[in-house]
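Please view the sequence and the model before reading on.

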Amino acid sequence: MTPAETVVRGGTVVEAGWSAPADVFIAEGRVTALAVPGTPAPRGATEIDASGTLVMPGGVDPHCHVGFTSGEFTSLDDYAQCTTAAVFGGTTTIVDFAIPRPGERPADVAYAQRAKAGQGLCDSALHACVVEWDETVPAQLGALVADGVATVKMFTTYRGETMANEDTILRTMKTLRDLGGMVVIHCEADHIIEDAQTRCAASGAIGAEHMAGTRPELAETASVAEVLAIAESLRAPVYFVHQSTAEAVELVAAARRRGVRAFSESVAHHLILDDTRYGGASPERFVCCPPLRPRPAVDALSRHLFTGEITTIGSDHCCYDLAQKRSHRTDVRAMPNGLPGVETRLPVIFSAYVAGAGLPASRFVALTSANPARANGLYPRKGTLMPGADADIAIWDPVARWQVTSGELHMATDYTPYEGMRLTGRPRTVLVGGRPVVHDNTLLDPTPHGRHLPAGPILTSTA
């Protein structure tokens, strides 16, 4: 008889490469077996009825900013709040960023952020960040990779704060290549952005309603091309965050066909929303970097969910509230950039693309769980329900219909960019380490059991 403390019965198990009816047996926080439906359970095992649902590995969000400080603003959530929102949305692992302020050492910031993982309701991993190169950076990166922090965020924009120059990017990428790590990079050419913003300001078009014109698409593609050239020359892996245009994704795909180990992340708001939101009554709600793009660009980008050229979908969660967003709404150069989204990432993508456009549920799992786990060295502990994996499970009702309202969400903010949107599909029950944590939009267990997840090998092939 298969060992089990809990059995999830009656659902369709969805993995990145397949789906089929199966019962999931769980013991000591891990999946012990995927069994033929109706397989007898040991005496005393708890049974969870998943009839009519999709039983999926919990989401892995590769792009969350928890308590993130940028300029004068700090986002409002801590690990307890962010991971609570995450599990309500079906995400059971987050990957946070440790971004140094001027004068701080990357390793010091990473170790301080890592220490917060125990506050979480679910597990977390971490990206470090390098802004400036000095003779201490190689040793810091060596120590971080040895301690399981193998991915390093870099920026080609935000001059004077987090922007790294080309030499720093090259040196960091080369060092991480030799250590088995990978650069994770925000690509927007800062000189193009600064010029665009200067022209917009001169014409009085620098407020939130003009956000789209202040950071043009060309800034993204130009920067992606340059960083790909560095990676190709070094034969180093590279992961591009929040790619917002088909052209950027296609540059990465072309490099991959040449043998470059390069990966494209898109984020939910770039796949759902478009730049008409800047023409509404509250454009500050949608100020993010890169900005929302025109609808034809969104449609072109989303086609790559089906072609396989997009590797992962993240949230780029930044939990600012409306007071913060409105404080400088007349000048986007001073506004906090970013949108809250850790809770809504899976529901809005499932509704729009699985329920609404026929994306296979197995591809949804690849994009939102398996591939993020692979790219962050967390697979097969996360991103799968195969035996041995952590029993982090989203039991998903694919036909539930509901409306997004900020008052019913759990993020530490007073708004959502998806306010009023009607969705199909949401998690019914969420298990973390085999423990039911959420059921029918009710928190069952607020106990923090979060752990920092050290990265293993980064898998450069994805499902």
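P290 has a relative accessibility of 0% and therefore counts as buried, since the cut-off for that class is under 20% relative accessible area. The structure is a predicted model.

**The buried proline**

- P290 is located in the loop that runs between α9 (268–272) and α10 (295–307).
- Beyond its neighbours within four places in sequence, P290 makes contact with E188, E220, H242, S244 and H270.
- H186 is 104 residues away from P290 along the chain, yet the C-alpha atoms of the two residues are separated by 9.1 Å.

**An arginine without a salt bridge**

- R363 belongs to helix α13, which spans residues 361–375.
- Although R363 is buried, it forms no salt bridge.
- The nearest side chain of opposite charge to R363 is that of E309, 7.8 Å away.
- A polar atom of the R363 side chain does, however, lie 3.0 Å from the backbone oxygen of L305.

**The packing of α3 and α4**

- Helix α3 (residues 137–146) packs with helix α4 (residues 166–179) at an angle of about 35°.
- The axes of α3 and α4 are 10 Å apart, and the crossing of the two helices is right-handed.
- On the α3 side, the residues that meet α4 are P138, L141, G142 and V145.
- Their counterparts in α4 are T172, T175, L176 and L179.

Key:
Residues are numbered from 1 along each chain as its sequence is written. This is a predicted model: local features need pLDDT of at least 70, side-chain atom pairs count only at pLDDT 80 or more; totals for chains, interfaces and linings use all residues. Side-chain values use heavy atoms; hydrogens and water are left out. Helices (H or I, at least four residues) and strands (E, at least two) are DSSP runs, numbered from the N terminus. Buried means under 20% relative accessible area, exposed over 50%, partly exposed in between (1.4 Å probe, protein chains only). Lys and Arg count as positive and Asp and Glu as negative; His and the chain ends are not counted. A salt bridge is a side-chain nitrogen of Lys or Arg within 4 Å of a carboxyl oxygen of Asp or Glu. A polar contact is a pair of N or O atoms within 3.5 Å; within protein, one must be able to donate a hydrogen and the other to accept it, and residues adjacent in sequence count only if both atoms are side-chain atoms. Contact means heavy atoms within 4.5 Å. Axes are lines fitted to C-alpha atoms, for helices over the stretch in contact, and angles run from 0 to 180 degrees between N-to-C directions. A crossing is left-handed if the near helix is turned anticlockwise from the far one by less than a right angle, and right-handed if clockwise.
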